[in-house]
Amino acid sequence: MRALHSPSVREVRGLGLMIGIELRGKSAPVLQALQGEGVLAIGGGSSVVRLLPPLVISEDQWSYALDALGRILQHG
């Protein structure tokens with residue numbers, strides 16, 4: 001997550017698979033774009049995207065979610 005190097009990301013924090021991505025702008029457009037890609041994420045305030053995947057998530061599913069997030073943040 002920290003390797004994304006997107007100008008729209010202020011900070012990445014978390015513990016294990018619980019990840020909070022603080023954005024420089026609003027999180028709502030990112031959350032909507034993720035939903036459009038089939039990735040569920042939740043907000044944590046007006047500028048934080050929270051990822052809370054289940055412990056049984058497969059590596060392919062996690063990779064897909066991170067790729068989608070990377071694409072969205074690079075274009076946002």
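R71 sits partly exposed in this predicted model, at a relative accessible area of 38%. Its salt-bridge partner is E37, with the closest N and O atoms 2.9 Å apart. That pairing ties together distant parts of the chain: R71 belongs to helix α2, while E37 lies in the loop between α1 and β3 (42-43), 34 residues away. E37 also counts as partly exposed, at 29% relative accessibility.

The search of the whole structure turned up four salt bridges. R13 takes part in a network of them that also links R10, E11 and E22. The side chains of R13 and E11 meet at 3.0 Å, N to O, and R13 pairs with E22 as well, again with the closest N and O atoms 3.0 Å apart. As for accessibility, R13 comes out partly exposed at 35% and E11 partly exposed at 38%. E22, on the other hand, is buried, because its relative accessible area of 16% falls under the 20% cut-off.

S27 falls in the loop between β2 (18-23) and α1 (28-36). Leaving aside residues up to four places away in sequence, S27 touches G45, S46, S47, V48 and V49.

Note on methods: Residues are numbered from 1 along each chain as its sequence is written. This is a predicted model: local features need pLDDT of at least 70, side-chain atom pairs count only at pLDDT 80 or more; totals for chains, interfaces and linings use all residues. Side-chain values use heavy atoms; hydrogens and water are left out. Helices (H or I, at least four residues) and strands (E, at least two) are DSSP runs, numbered from the N terminus. Contact means heavy atoms within 4.5 Å. Buried means under 20% relative accessible area, exposed over 50%, partly exposed in between (1.4 Å probe, protein chains only).
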